[in-house]
Amino acid sequence: MIRGMAVAALLGGLGALAGFSVDEATVPAVTSAAGPVSQAEDPLTRPMAVERARTWLAPLPPEKLYGQTYLVGFAGLSVALIDTGAGLVLVDGGLPQAAPAILENVRALGFDPKDIKFILSTEPHFDHAGGLAALVRDTGATVVASARGAEGLRTGAHAQDDPQLGYGGTWPAVTDIRVVEDGEVLALGNTRITAQATPGHTMGSMSWSWSACEADVCKAVVFASSLNPVSFPDYRYTAPSSAGILRGFSQSYRRLDGLACDILIAAHPDFAGEGRFDARPGACRAYVDRSRRSLATRLATERSGASD
């Protein structure tokens with residue numbers, strides 16, 4: 001979506017563009033399992049998209065998902081934690097103001113945030129990447145992203161082909177990035193995490209899959225990037241310039257349809273159904289089907305409008 005940081009005036013402008021109120025005097029405290037998290041005057045955690053954040057950052061306690069996989073995020077934004085036995089891996093960083101609460105949730109599980117070695121990025125949008133800079137500063141971790149995703153993270157700005165480019169703005173940039181290719185495996189301790197390119201929502205979007213085990217029973221976990229076809233109001237998915245985006249969605253549908261997927265974590269959990277994750281059979285296929293229907297509706301609406 002958008003991104004925000006730099007100065008309060010910029011944040012206010014972004015809030016107006018997105019229909020959000022960004023008034024730091026009315027910013028609610030971000031809450032972790034240990035209670036409210038203090039927000040100092042920190043340029044890397046300055047709140048943005050405040051009205052939307054009331055829903056996105058609604059607090060939930062950290063939760064063991066399966067094996068050594070945990071959830072340390074919120075009701076409207078997923079953040080996962082993996083204990084590999086040789087260090088921790090975080091998946092996604094939430095909004096800028098979410099970073100302190102994420103780290104408090106990590107501590108509440110008995111882990112030291114300084115043991116976080118990697119932070120895997122799903123997409124270069126402020127709601128999932130806005131907190132990365134603060135998390136990197138506070139943990140020393142390296143961000144891992146696709147090549148296209150890394151471009152956005154390094155500039156803290158939307159790509160020129162991003163359907164949400166029209167919202168403008170920036171978020172805190174990240175420079176220490178390990179770029180991985182589609183299908184590349186990130187190995188740490190007893191865990192192997194596979195990068196799964198899932199373009200469409202952004203062309204740099206990346207999902208991540210790994211195996212979580214308890215005794216001799218292992219389950220395939222998929223942390224899926226956003227697949228919803230949302231955009232700035234004047235963007236047209238039916239325009240010739242959007243052909244690559246549509247091909248990206250098709251690629252992502254094939255990829256997620258074919259993945260082993262016992263447990264689905266969606267970047268925005270509400271798009272995957274009720275609750276924080278989906279462990280029902282066919283969870284990834286159902287996630288894809290929702291996106292297919294949404295995209296088909298969007299295309300039909302655009303074509304109908306163009307013919308009027």
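**View 1. Strands β3 and β4 are antiparallel and are joined by 3 bridges.** Strand β4 comprises residues 69-71. Y66 stands opposite T69 in β4. Strands pair when DSSP finds at least two bridges between them; strands (E, at least two residues) and helices (H or I, at least four) are DSSP runs numbered from the N terminus. The model is predicted, with local features requiring pLDDT of at least 70 and side-chain atom pairs pLDDT 80 or more, whereas totals for chains, interfaces and linings use all residues. Residues are numbered from 1 along each chain as its sequence is written, and side-chain values use heavy atoms, without hydrogens and water.

**View 2. Seven strands form an open sheet of mixed pairing in the order β3-β4-β5-β6-β7-β8-β9.** Because β3 (63-66) and β9 (177-179) each have a single partner strand, one side of each edge strand is left without a neighbour in the sheet. Neighbouring strands are turned by 30° against each other on average, direction ignored; axes are lines fitted to C-alpha atoms, for helices over the stretch in contact, and angles between N-to-C directions run from 0 to 180 degrees.

**View 3. Helix α5 (residues 132-139) packs on the sheet.** The helix touches β6 (88-91), β7 (116-120) and β8 (142-145), contact meaning heavy atoms within 4.5 Å. The direction of α5 makes about 170° with that of β7.

**View 4. Helix α6 (residues 147-155) packs on the sheet, touching β8 and β9.** Its direction makes about 160° with that of β9. G149, A150, G152 and L153 are the buried residues of α6 (under 20% relative accessible area, 1.4 Å probe, protein chains only). These buried residues pack against α4 (126-129), α5, β8 and β9. G156, with a positive phi near 65°, follows α6.

Notes. Buried means under 20% relative accessible area, exposed over 50%, partly exposed in between (1.4 Å probe, protein chains only).
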